[in-house]
Every structure is written in C-alpha cells, then in structure tokens.
Amino acid sequence: MSIIKTVCVYCGSGPGTNPRFVEAAFAFGKALADNGIRLVYGGGSVGLMGAVAKSVLDHGGTVTGIIPEFLTGRENALKRVQDLIVTPDMHERKRLMFEHSDAFVALPGGVGTLEELVEQLTWQQLGRHNKPILLADIDGFWEPLLALLAHMRETEFIRPNLQVDILKAERVEDILPRLRAAAARAPAVAEALTPELARRL
C-alpha cells in the first residue's frame, strides 16, 4: 500500500458523556487537515461525527460525507463538506465509505459505529482488504471490545490462521503514525479469498 490519502472515521452521532471524546474528535480532525488527509465519514453534523468533520473543515482540510437519504434529517447532513454523497440505503453508504478510504479509525460511538468497525474487521480477516484499522481508545472506551476479542481468541472462535489485525492508539497524536506504519508493511494488493482459505472458514 502507498501513502494514506484518505481516512474513514466511524464514530457516534452523539457526543457521549466524556468531554475527552469530543476533544479527541476535534484534535483528530485538525491532524487530518494539517497532514493533507481527506476525511471520509458518515455525513452528519451532530455528535462526534460533526465534531471531526467541522474540525477538518475549520483547519482547511477536505471532507467526503456519505449519508443515506433517510438519515439526512435525523443526523442533519453537513452541507459545508466539499463532497456530500447521498445514498439510497446503509449498504451503499458502507460500500462507498470503504471504496473511498485508505484506512479506518473508530472513535467512541454506539451500535452503528461498532457494526461498521466489525464489518471492516471481518472483511480484513477474510482477506478482502489489507487497509489498516485502528481503535482510538480514548479513556479506555474500546477496552471491553478488546477484552471480547481476546476471549474469542482464547475460545478459538478467532483461530490462529484467521487473526484479527487491529491497531490501537490511546492518544490522538499516535493515530496517523500507526496507520502509516501499518500501511507501509501491507502488500500492494490485498489477498483474494482463495478456495483454500474459504474451505478453512
């Protein structure tokens, strides 16, 4: 993989109870803008989604928002973005977010954030892509998920030949360096889902 030019951020449409979550979203938005990396995100203007996107824009960066039509009102689509894509459904939204992104970062969020994150982990585990995936573990938000993944390994539902490769950063300033290091180690083309791998599933 070459240089990371776009990062998809999955995060909550609410602010959460911890002020550090919003602070992290603002800080990461600034980091993306300062490094000339385009943000790809869910298109809303509220919660952590709105915080990260507005921060990118306020610091001179570029944003692609991808939102399904039925959420444009509920999540108040951010029309300031340079590129706003309205999709007919959630499936198209997630597909386009994947296609537009070189890496994925999960800030704190709810069930929707978790679902998007786990889908990328599943696709990576099955050899469909090798794009870096990172948990922004602000104030230990993602520790319960990491404990669950460890439990899945211990009980052999995540088998040694099908590992889940997930990065973690507790500080915003560590996110981009870890994504870049992972991207530099990744092969240029993701391994296809071979018949041999499919038989082992």
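Predicted model: local features only at pLDDT ≥ 70, side-chain atom pairs only at ≥ 80, totals over all residues.
Axes are lines fitted to C-alpha atoms, for helices over the stretch in contact, and angles run from 0 to 180 degrees between N-to-C directions. Helices (H or I, at least four residues) and strands (E, at least two) are DSSP runs numbered from the N terminus. In passing helix 2, helix 1 makes a right-handed crossing; a crossing is right-handed if the near helix is turned clockwise from the far one by less than a right angle, and left-handed if anticlockwise. Contact (heavy atoms within 4.5 Å) involves Phe21, Val22, Ala25, Phe26, Phe28, Gly29, Lys30, Leu32 and Ala33 on helix 1, and Leu48, Ala51, Val52, Ser55 and Val56 on helix 2. The residues of this contact comprise eleven nonpolar, two polar and one charged, where Ala, Val, Leu, Ile, Met, Phe, Trp, Tyr, Cys and Pro count as nonpolar, Asp, Glu, Lys and Arg as charged, and the others, Gly among them, as polar.

Residues are numbered from 1 along each chain as its sequence is written. Local features need pLDDT of at least 70 and side-chain atom pairs count only at pLDDT 80 or more, whereas totals for chains, interfaces and linings use all residues; side-chain values use heavy atoms, with hydrogens and water left out.

The largest nonpolar core holds 38 residues, of which Val7, Phe28, Leu39, Val105 and Leu179 touch the most other members. Such a core is a set of buried Ala, Val, Leu, Ile, Met, Phe, Trp, Tyr and Cys residues joined through side-chain atoms within 4.5 Å; buried means under 20% relative accessible area, exposed over 50%, and partly exposed in between (1.4 Å probe, protein chains only). Elements giving two or more residues to this core include strand 1 (6-10), helix 1, strand 2 (38-41), helix 2 and helix 6 (175-185). Beyond residues up to four places away in sequence, Leu39 touches Val7, Val9, Leu32, Val52, Ala53, Val56, Thr62, Val63 and Thr64. Another core, of 21 residues, lies apart from the largest one and has Tyr10, Phe104, Leu146 and Ile158 among its members.

Helix 3 (residues 90-99) and helix 4 cross at roughly 60°, their axes coming within 12 Å, and are therefore oblique to each other. This crossing is also right-handed. Arg93, Lys94, Met97 and Phe98 of helix 3 meet Glu115, Glu116, Glu119, Gln120 and Trp123 of helix 4; by class, three residues of the contact are nonpolar, one is polar and five are charged.

Gln124, in helix 4 (residues 111-125), is buried at a relative accessible area of 14%. Apart from neighbours within four places in sequence, its contacts are His129, Lys131, Ile133, Val164 and Asp165. Leu78 occupies the loop between strand 3 (63-68) and strand 4 (83-87) and is buried, with a relative accessible area of 6%. Although 35 residues apart in sequence, Leu78 and Gly43 are 6.0 Å apart in space, C-alpha to C-alpha. By contrast, Ala184 of helix 6 is exposed, with a relative accessible area of 63%.

Methods:
Parallel < 35°, antiparallel > 145°, perpendicular 65-115°, else oblique.
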